[in-house]
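Hello,

Here is the structure we talked about. Please have a look at it, then read my notes below.

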Amino acid sequence: MQTTIETHDGTQKKIVELVELNEATVRFAGDSGDGMQLTGSQFTSTTALVGNDLSTLPDYPAEIRAPAGTLYGVSGFQLHFSNRDIHTPGDRPDTLVAMNPAALKVNLKDVREGGMIIVNTDSFDAKNLKLAHYEVNPLEDGSLRGYQVYEVPVTKMTTAALEGIGLSMKEITRSKNFFALGLLYWLYNRPMETTLEWIKTKFKKNPLIAEGNERALRAGYNFGETAELFSNRFDVKPAKLPKGTYRNVTGNEATALGIIAACERSQLKGFLGTYPITPASDILHELSRYKRFGFKTFQAEDEIAGICTAIGAAFGGSLAFTTTSGPGMALKQEAVGLAIMTELPLVIVNVQRGGPSTGLPTKPEQSDLFQAILGRNGEAPLPVLAAASPANCFWMTLEAARIALKYMTPVILLTDGYLGNGSEPWLVPSADSLPDLRMSYATDPETYKPYMRNEDLSRPWAIPGTPGLEHRIGGLEKQHITGNVNYEPSNHQFMTEMRAAKVAKVVESIPNQDVFGPETADLALVGWGGTYGAIRAATERLMEKGKSVAHVHIKYLNPFPANLEKVLRSYKKLLIPEMNLGQLAYILRATYMIDGQTFAKVQGLPFGPTEIEEEALKTLESM
């Protein structure tokens, strides 16, 4: 509510009331050159320091620079923050910042009814309206009736704030994202200090740019304070999270940290052999910063070389990793078979994206499950794991490394673009609380046999050059125990079954499947990977409505947890939301003869809780 007071000099001043909210969802949208990802990440960092729980959804085009002002050049960043534990980046934005007509057109359908829309009116000219396929200016035709529309001349206000500073007009207009950020900081009662410090550090070699961005940020904040445009400001208090030290991490950052932690806890040299590909490249970028831990990164000439260097590093005794996404995973598959045949530890991280082929390079999908479990020539099983949230990427990377070392096998860890680019607060664990991954190399020439087996059916790991432990590896079939090349029919069957038995034995060291909700119910929502947050939030809403539902989220996809079949058979019906056409449902049917109802979404966008909730309600009503 806005009230008016009379100041000491007799002028009238409007006072904006600060309204406390439990949660809010904000989306920044503009042209791909408007700096929306930077704006969103700065708002995220500040919100994390304020102490809110949060979840983010960056959404940007594949083109490095799509034509300005076009619908396919729109870049967006959504942030959901709350004073309680949350699981998703939010369903529908409460506030949309639209920097041009195309951003408004692309995002309007998602804004909640009655929500706020802040538009940069300077960009609503004839050219940009035409590029966005608007025949009539939406700010004038009444089509935005039902929303709270705030028209702000962002470009003009930024230009005025930076007048005479010495920057070119192009540099000045590029600062308008900081004006928008400052305005949102005022609107949601966020401090500016974190971003001011970031600007100072980021542009320390170009103080003029730093000053321009700082002025734009302050101008946006002060515009909110003085324009008397808004009826309310909003405040979201800190969330009550478990005590400890938190940092905001994306899934790719958490994966990189998990890799470093695995190397430290195993006391092995770490190596990443990879080739850049969206959206996995950030793992390489992040790991390249950790040379102080002795970790080595190698950017190969292609995907095949990337994984082959990692296999070579594993042969040499390193804890080796390779990272990729969709089509890159397809290229690596022959070498994955080589890692299976040589029985060397290797972690392969696939940050899934929309496919097939190059598909949707910057959009998430879960359609590589078949490829992970089945996508090789010959009988070539390996363990497959999936992370459930950005922070969970850390723990599942550690788990993938543990299994790779314990069972001397390549392991595939599936994340996706939604997890890799999205972020959330992460409770930093103490080093002592992490699992001990130390293992021993073979050292005794008297007892060493290259393909002898221990109780886990793993063969010994011998470092090349160790006297008396010379041995041969490669893609050709090996003789049991000796490791000599062998084409005998009975040996091939024995070794094929042995490799499969070893992977099946992994089930003995993974946890049983857990359940959120009742152990028996009418409906279980079954998921894997990045659908976790949306399914969990939908399940909580359904339970609040008194519905008989539970959530079963599977992190171990091959082999499945020992009790999974019993868990699934405890529910009358299974609804399986997947960002593919039903791959998990297919595998569950093939494994247990259990039919689940697929709820498929392949739009390059993650599920929202509401759409899963509505599908679950329809399913319950049909029972």
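Arg215 and Glu211 are four residues apart in helix 8, so about one helical turn separates them. Their side chains form a salt bridge, with the closest N and O atoms 3.0 Å apart. Arg215 is partly exposed, at 33% relative accessibility. Glu211 is also partly exposed, with a relative accessible area of 33%. Please keep in mind that this is a predicted model.

Other salt bridges

The count comes to 28 salt bridges. Lys406 and Asp456 form one of them, with the closest N and O atoms 3.3 Å apart. This pair links distant parts of the chain, 50 residues apart. Lys406 is in helix 14 (residues 392-407). Asp456 is in the loop between strand 17 (423-427) and helix 16 (489-505). Asp456 is buried, with a relative accessible area of 11%, because buried means under 20%.

Asp110 and Lys109 also meet in a salt bridge, at 3.9 Å from N to O. Asp110 is partly exposed, with a relative accessible area of 23%. Lys109 counts as exposed, at 59% relative accessibility.

Salt bridges link Asp91, Arg541, Lys545 and Glu613.

Aromatic pairs

A pair of aromatic rings is described by the distance of the centres and the angle of the planes. The count for this model is 17 aromatic pairs. Phe179 and Phe223 form a tilted one, 5.8 Å centre to centre with 55° between the planes. Phe179 lies in helix 6 (residues 176-187) and Phe223 in helix 8 (residues 207-226), so the pair ties together parts that are 44 residues apart in sequence. Helix 8 is also where Arg215 and Glu211 sit. Phe179 is buried, at 0% relative accessibility. Phe223 is buried as well, with a relative accessible area of 12%.

Phe599 and Phe607 form another tilted pair. Their centres are 5.3 Å apart, and the planes are 40° apart. Phe599 is buried, with a relative accessible area of 15%. Phe607 is buried, with a relative accessible area of 6%.

Which residues do ring pairs link into a cluster? They are Phe28, Phe43, Phe81, Tyr185, Tyr188 and Phe234.

Charges over rings

Two cases to look up in the viewer. Lys105 lies over the face of Tyr134, 4.7 Å from the ring centre. The charged end of Arg459 sits over the ring of Tyr451, at 4.8 Å from its centre.

A buried threonine

Thr323 is in strand 13 (residues 319-324). Its relative accessible area is 1%, so Thr323 counts as buried. What does Thr323 touch, leaving out residues up to four places away in sequence? The contacts are Leu272, Gly273, Thr274, Tyr275, Ile283, Glu303, Lys332 and Val349.

Begin with Arg215 and Glu211 in helix 8. Go on to Phe179 and Phe223, the pair that ties helix 6 to helix 8. Then view Lys406 and Asp456, which link distant parts of the chain. End with Thr323 in strand 13.

Best wishes

Conventions
Residues numbered from 1 in each chain as written. Predicted model: local features only at pLDDT ≥ 70, side-chain atom pairs only at ≥ 80, totals over all residues. Heavy atoms only, no water. Phe/Tyr/Trp six-rings, centres within 6.5 Å; stacked < 30°, edge-to-face > 60°. Helix = DSSP H or I, 4+ residues; strand = E, 2+ residues; numbered from the N terminus. Buried < 20%, exposed > 50% of the residue type's maximum accessible area, 1.4 Å probe, protein only. Lys NZ or Arg CZ within 6 Å of the ring centre and 35° of its normal. Contact = heavy atoms within 4.5 Å. Salt bridge = Lys/Arg side-chain N within 4 Å of Asp/Glu carboxyl O.
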